[in-house]
Structure formats: structure tokens, C-alpha cells
Amino acid sequence: MSYRSLNDPTDTAHLEAMPGRSGGVQELTLPVIQGTLGPSVLDIRSLYPEKGYLTYDPGYTSTASCASKITFVDGEKGILLHRGYPIAELAEKSTFLEVAYLLMEGELPSAKEYEDFSGSITIHNMLHEQLRNFYSGFRRDAHPMAIMVGVVGALSAFYHDSLDIRDPQQRMIASHRLIAKMPTIASMAYKYAIGQPFVYPRNDLKYEENFLYMMFGIPTTSYQVNPVVAKALNKILILHADHEQNASTSTVRLAGSTGANPFACIAAGIACLWGPAHGGANEAVLNMLREIGHKDRIPEFIKKAKDKNDPFRLMGFGHRVYKNYDPRATVLRAACHEVLAELGRKDDPLLDLAQALEKIALEDPYFIEKKLYPNVDFYSGIIFQAIGIPPAMFTVLFAVARTVGWIAQWMEMIEDPSQRIGRPRQLYTGHPMRPYVSLKERTTA
Ligand code: SDX
């Protein structure tokens, strides 16, 4: 299938007459560009230069910031594709590193390509030994996301041979380093918090097995990876890998558009993901379920969530794009049952409470009318908790997974010949020009 060039409009749109710069009225014809799937776009690039108008779209509800071939989300139908492959199939049949390759390279790898790629990730999984010193600078009770932002941002101080973003080879090495080192950095943040020694990665383990080993292994005993847990973690990492132009991905793209090095861009993405409205929601869901405590209290919290005067929101519910069930939540809910049953915890009270909350919410007119469904963060924390990951580490795992999506989107932007520095405009509502008033005059005024 040939993709339409961005300068090859499929149609034109005529905006209603509107006041021109010099008064009077004018018509405007804008190119309409249709992608492979999803809504067409009005190409408004000529709007300001030729007509002096800006568009106004706080929160970017109706704005396409770029053209991309990586991920497609149909929010009405609850569809998520990575390079055309449905997320449920990838979660069931693929591995996280294979999905990473797919997102970055555009096609599923051959056996040789996969061997080379996963081999390259493996040899980059250790950290420069001096980076260990960064951890001792944090308080033991520092949130691990604070550590992730700091340590990942600091990587550019250690890997000077992969900072030149104009060099494809350096971009590739920096990308592999980031994918490889995120689990190491994350597990070190966890070990630091609990006062246990850091565990070095092992090259004989798979990506998700190594992460579990570095998280839960201790020097005094040999650690056996539980295959059930490793399979669940592989699935969770795949489900969190990429999600088109979400807030943290847009942050990475914007940072990358200035020419910032990839380590700095990914650190910016981690900082953005931390927010409870975004990747921080998985931790917030667990805290919310603990606060609710019992099914009898669900109506009280549903009432709070509906109360405009109450800042409380049902965490793990709602989505800017999905106005249907988030397909990732569907997979995660099933995985919850599988993992808890296989770990002998099928009657986990948190899962019972979550399912009761989901049922009540989905039958409530407020949630139905506003099309608020469980999103990726609603069930993920229950599995994390079941496999021994503490709530403060939930968003860290989200960041580990989303690093491959951030990198794929960053690479696509860097390689796009039409990319320019991102620089939105504004609707100015402040003071018109006025003369300075000295302090003496101000105090007497
Ligand atoms: C992620 O963008 C992505 O792709 C993100 C993500 C990814 O993979 O990168 O999918 C990951 O961030 C998932 C979302 C995790 N966040 C949460 O679960 C936090 C709870 N959800 C909400 O904060 C909210 O739903 C957002 C932030 C997710 C979406 O916010 P929007 O699109 O700006 O929607 P909105 O705030 O304008 O809400 C629309 C209406 C409002 O009511 P009205 O003002 O129209 O009367 O729905 C209400 C909101 O008050 N609403 C909720 C609600 N979410 C929205 N009411 C109660 N509980 C909620 N959770």
C-alpha cells in the first residue's frame, strides 16, 4: 500500500467567511490529507503565514502534531495497532524485544535480525560503574521516579560517543543503551530503597527475566525466575510499549525537535509520564483501591468521582482517546486472573474490589454518558502487586516499557526531513503595552 505524501492532499475544505487582516471577509481553502487509517487532517500550515490566524486547541484534543507510521489508536472502536499488528496478538504471541524491534524498524524481525538486536541489547545492560554513586545521593525514601529522571538524564554525561543525533550509528547505539539500561537503573532504584545490594544483570537471561533477577535476586541465594511471572511481565511490557502521541511521547518529540541528546529526551519523557493523570495512574489506582478498602464503600467513591466540586477522580478510568474499552485493559484483566490463579491467589481481595468497582462504574449513567472505561492503568497495578512489585515502582515499570515507544517515535521524528523545532503559539489575554511605573510612583499610587 502506498502512503500518501503529506503534500498530496486528498481533498480541500472551505472554511466559512471570516474577518481578514484588513477587515472585510475572506474564504479559506485548506488541503485535507487522509492517512492510512483514522481521521483526515486539515493542513493548516498556511493559515498563519497567509491569513494571520492561529488555531486554538488547549490540550490538543483536535490537533495532529505529526505524521507517524508507528502506532494507530481507534478510540471509538477500542483498537490499538503497532505497525498494523493488533495489540492483543502481540501481547499473546510476541516478546517485548521483538515488539521493540517492530516499533523501531517497522517490521517484525527475522530470526537473525532478532538475534542481533537482542544480542546488542544484552551487551549494553550494565551501567558505567560511577553511576552507582548517583544513588547514594538520594534519600532512601526518594520516589524511584525521581531517581529515574536523575540517573537517565545523567547518562549523557557518561556516553559521549552516542550523543550526535545526526549520526545514525550513534542514534542506534544510544537507543540500544537506553532500552538495555532502563531495567538495570530501575531495579537499582528499588534495591536502593530497600537497602539491599545492587544485582548486576546476567547475559544468559531474557530481558524480562533479567529484570526480575535484578529486582528480587540477592547475593546470598540463587534466584530462580518464576516462568509465570516472567510471562506476565513480558505481556505487561508489551502492553505499555507505545501509544501514539500521548503526553510523554509528545514531550520526547518536542525535546528531540530541539536537537537535545536522546538521554535528555527520554529523561523528559519519564518526568512527564510520572503525573497521576498519565503513567502515574497505575500507582494511584492501587492507592485508591486501598482507600476504598471494601465493596460497601464503592458507592461513596463513585459519588465523589461524579461530584464536580470534588477533585477526586476514579483513577484508571477515562481516556483522552478511548471512548470504549482500552484494549490493553481487556488483556490485563484476563492476565490478572491467569497470574493470580497460577500464583495461588485467585481470590485476591484487590482484584475482587477492582472488578466490583468496574461493574458498578460501567453501569452508572455518568460513566456511560461520558464514555469512561477502564484504561491500561486500572488492572496493571494488581498484577504488579501480585508479582511482588511495590506501588512506587509501578510507573517505573511503565517507563521501562515506554522507553521503546519513546525511542521509536524520537527516531521517526529525527529521520523526518520535514521536522522542525516544535514551537506552539498562544492566545494572548494579558495586558496591552503599558509604560513602566517606578517603585516610588507605585508606592505613592
Ligand atoms: C494513560 O494518552 C495516552 O495514550 C495515555 C496512556 C498511554 O498509554 O500513554 O493511555 C496512558 O495516561 C492512561 C490514563 C491514565 N489516567 C487516569 O486513569 C487518571 C484518571 N483519568 C482522568 O484523569 C482522565 O480521564 C484523563 C486524564 C485520562 C483524560 O482526561 P481528558 O481527556 O482531558 O478528559 P476530561 O478530563 O476532559 O474528562 C471529560 C469528562 C469531565 O467531566 P466534564 O467536565 O465534561 O463534566 O469526564 C470526566 C471529567 O470530569 N472524567 C472523569 C474521569 N475522567 C474524566 N470523572 C471521574 N473519574 C474519571 N477518571
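Visitor: What is the crossing of H10 and H11, left-handed or right-handed?

Guide: H10 and H11 cross in the right-handed sense; that is the name if the near helix is turned clockwise from the far one by less than a right angle, and left-handed if anticlockwise. This is a predicted model, where local features need pLDDT of at least 70, side-chain atom pairs count only at pLDDT 80 or more, and totals for chains, interfaces and linings use all residues. Residues are numbered from 1 along each chain as its sequence is written, and side-chain values use heavy atoms, leaving out hydrogens and water.

Visitor: Why are H10 and H11 called roughly antiparallel?

Guide: Helix H10 (residues 247–257) and helix H11 (residues 262–273) have axes crossing at roughly 150°. Angles under 35 degrees count as roughly parallel, over 145 as roughly antiparallel, 65 to 115 as roughly perpendicular and the rest as oblique. H10 and H11 are therefore roughly antiparallel.

Visitor: What makes H6 and H7 oblique?

Guide: The axes of helix H6 (residues 144–154) and helix H7 (residues 168–194) cross at roughly 135°, so H6 and H7 count as oblique to each other. Their contact (heavy atoms within 4.5 Å) includes Ile147 and Val151 of H6 and Leu178 and Tyr192 of H7.

Visitor: Which way do the residues of strand E4 point, and are they buried or exposed?

Guide: In E4 (residues 71–74), Thr71 and Val73 point one way, Phe72 and Asp74 the other, and all are buried; buried means under 20% relative accessible area, exposed over 50%, partly exposed in between, with a 1.4 Å probe and protein chains only. In a regular strand, side chains alternate between the two faces of the sheet.

How values were computed:
Axes fitted to C-alpha atoms, helices over the stretch in contact; angles between N-to-C directions. Helix = DSSP H or I, 4+ residues; strand = E, 2+ residues; numbered from the N terminus.
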